[in-house]
Amino acid sequence: MQFAAIPLNLLGDKTSADYLNTGMWSKKAIAEAKRYCDVNLAADTSDNGFTTVPTQAELKLNPDAAYVHYVANETIGGVEFDYIPETGDVPLIADMSSTILSRPVDVSKFAMIYAGAQKNIGPAGLCIVIIREDLLGKAAAQTPTLLNYETHATNGSMYNTPPTYSWYMAGLVFEWIKERGGLKAMGEINGRKAAKLYAAIDDSDFYANPVTKANRSWMNVPFTLADADLDAAFLEGAAEQGLITLKGHRSVGGMRASIYNAMPEEGVDALVAYMQAFERTQG
Ligand SMILES: Cc1ncc(COP(=O)(O)O)c(C=O)c1O
């Protein structure tokens with residue numbers, strides 16, 4: 001819904017928007033935007049199988065674009081931007097669904113940040129939009145009332161009945177994060193979790209992750225086994241130890257460990273220990 005709401009709300013009198021294509025979610029955002037405007041692919045890493053993000057110098061930005069859209073963390077590919085793109089006066093929009101609240105972020109650099117709740121915020125059914133106030137009020141005439149950001153901004157996000165349970169739970173999650181020391185503390189824990197898991201992958205000849213080191217996701221860690229025939233045995237043994245939902249996304253195969261805020265460091269330690277034991281006995 002946001003993929004459509006963005007062009008509807010933010011094109012104004014412009015006809016073109018810049019999109020960075022770094023994976024599956026970028027592609028979906030682009031396909032939807034194409035229904036409303038010309039999409040300029042300011043970067044496209046499909047050639048390298050979405051294993052890097054483009055550098056700032058590689059971005060082919062159109063100074064007349066209505067906005068620049070990118071996906072800060074590609075959930076399926078496990079590829080994450082290690083910098084915030086500089087777009088001058090052109091509003092910068094980020095889909096942060098799978099990285100928001102994983103560490104501090106400089107919100108002032110963005111015109112809009114949006115994120116589905118179901119990773120680091122709370123239960124599904126809620127999407128958070130943070131938008132600069134000067135961007136409100138220029139939605140296209142055909143924009144459905146409920147897709148118009150101004151509707152939500154001027155009605156305390158309660159123009160319609162909000163998903164009250166998800167909203168309440170999100171509040172509890174925010175309190176939980178604050179009690180643990182806020183995003184700075186979350187960032188320290190998450191940085192350690194990711195470092196441990198990638199180290200286990202890199203230190204072994206049996207496990208592999210194709211993503212350039214600087215662009216590896218802190219939240220979603222895809223990895224493959226040297227012999228895909230062992231995937232089923234790996235998953236079965238893992239489940240026996242309570243390590244579940246490790247099967248990779250159907251489009252990429254292999255494994256994917258999603259280590260969102262709710263996953264404690266001990267969970268990553270347990271996965272690393274299991275991976276090492278599996279390699280010793282079956283690798
Ligand atoms: C980066 C990103 N964007 C968008 C979505 C879509 O979210 P939803 O399934 O809530 O529409 C997801 C879902 O996994 C995602 O990871």
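Colleague: Between which helix and strand does Leu246 lie?
Modeller: Leu246 is in the loop that joins helix 6 (231-240) to strand 11 (255-258). Helices (H or I, at least four residues) and strands (E, at least two) are DSSP runs, numbered from the N terminus. The model is predicted, and its local features need pLDDT of at least 70, side-chain atom pairs count only at pLDDT 80 or more, and totals for chains, interfaces and linings use all residues. Residue numbers start from 1 along each chain as its sequence is written.

Colleague: Why does Leu246 count as buried?
Modeller: A residue is buried with 20 or more other C-beta atoms within 10 Å of its own, exposed with 12 or fewer, and partly exposed in between, C-beta atoms being placed from the backbone. Leu246 has 20 C-beta neighbours inside 10 Å, so Leu246 counts as buried.

Colleague: Which residues does Leu246 touch, not counting those up to four places away in sequence?
Modeller: Two residues are in contact if their backbone-placed C-beta atoms lie within 7 Å. On that test Leu246 touches Leu235, Ala238, Met255, Arg256 and Ala257.

Colleague: What makes strand 9 and strand 11 edge strands?
Modeller: Strand 9 (207-208) and strand 11 each have a single partner strand, so one side of each is left without a neighbour in the sheet. The sheet is open, with three strands in the order 9-10-11 and antiparallel pairing.

Colleague: How do you know that strand 9 and strand 10 pair?
Modeller: Pairing requires that DSSP finds at least two bridges between the strands. Strand 9 and strand 10 (residues 220-225) have two bridges, in the antiparallel sense. In one of them, Ala208 has Thr224 of strand 10 as its bridge partner. Helix 5 (residues 182-202) packs on this sheet and touches strand 9, strand 10 and strand 11. The direction of helix 5 makes about 15° with that of strand 10; such angles run from 0 to 180 degrees between N-to-C directions, with axes fitted to C-alpha atoms, for helices over the stretch in contact.

Colleague: What is the order of the six strands in the other open sheet?
Modeller: The six strands come in the order 2-1-3-6-7-8, with mixed pairing. Strand 2 and strand 8 (127-131) stand at the edges, each with a single partner strand, so one side of each lacks a neighbour in the sheet. Strand 1 and strand 2 pair in the parallel sense over six bridges, and Tyr19 is the bridge partner of Leu41 in strand 2. Strand 7 and strand 8 pair in the antiparallel sense over five bridges.

Colleague: What makes strand 1 largely enclosed?
Modeller: Five of the six residues of strand 1 are buried, so the rest of the structure largely encloses it.

Colleague: Which residues have the most contacts inside the largest nonpolar core?
Modeller: A nonpolar core is a set of buried Ala, Val, Leu, Ile, Met, Phe, Trp, Tyr and Cys residues joined through C-beta atoms within 7 Å. The largest has 45 residues, and Ala17, Tyr67, Val68 and Ala94 have the most contacts inside it. Elements giving two or more residues to this core include helix 1 (2-10), strand 1 (16-21) and helix 2 (24-33). A second, separate core of 20 residues includes Ala200, Ile201, Met255 and Ala257.

Colleague: Which loop holds Phe50, and why is Phe50 called buried?
Modeller: Phe50 lies in the loop between strand 2 and strand 3. There are 24 C-beta neighbours inside 10 Å, so Phe50 counts as buried. Its phi is positive, about 60°, although Phe50 is not a glycine. Most residues other than glycine have a negative phi.

Colleague: Where is Leu101 found, and what makes it buried?
Modeller: Leu101 is in the loop between strand 6 and strand 7. With 23 other C-beta atoms within 10 Å, Leu101 is buried. Leu101 also has a positive phi, near 70°.

Colleague: Which residues are around the ligand?
Modeller: They are Trp25, Val71, Thr75, Asp95, Ser97, Ser98 and Gly116, where near means a backbone-placed C-beta atom within 6 Å. By class, this shell has two nonpolar, four polar and one charged residues. Ala, Val, Leu, Ile, Met, Phe, Trp, Tyr, Cys and Pro count as nonpolar, Asp, Glu, Lys and Arg as charged, and the others, Gly among them, as polar.
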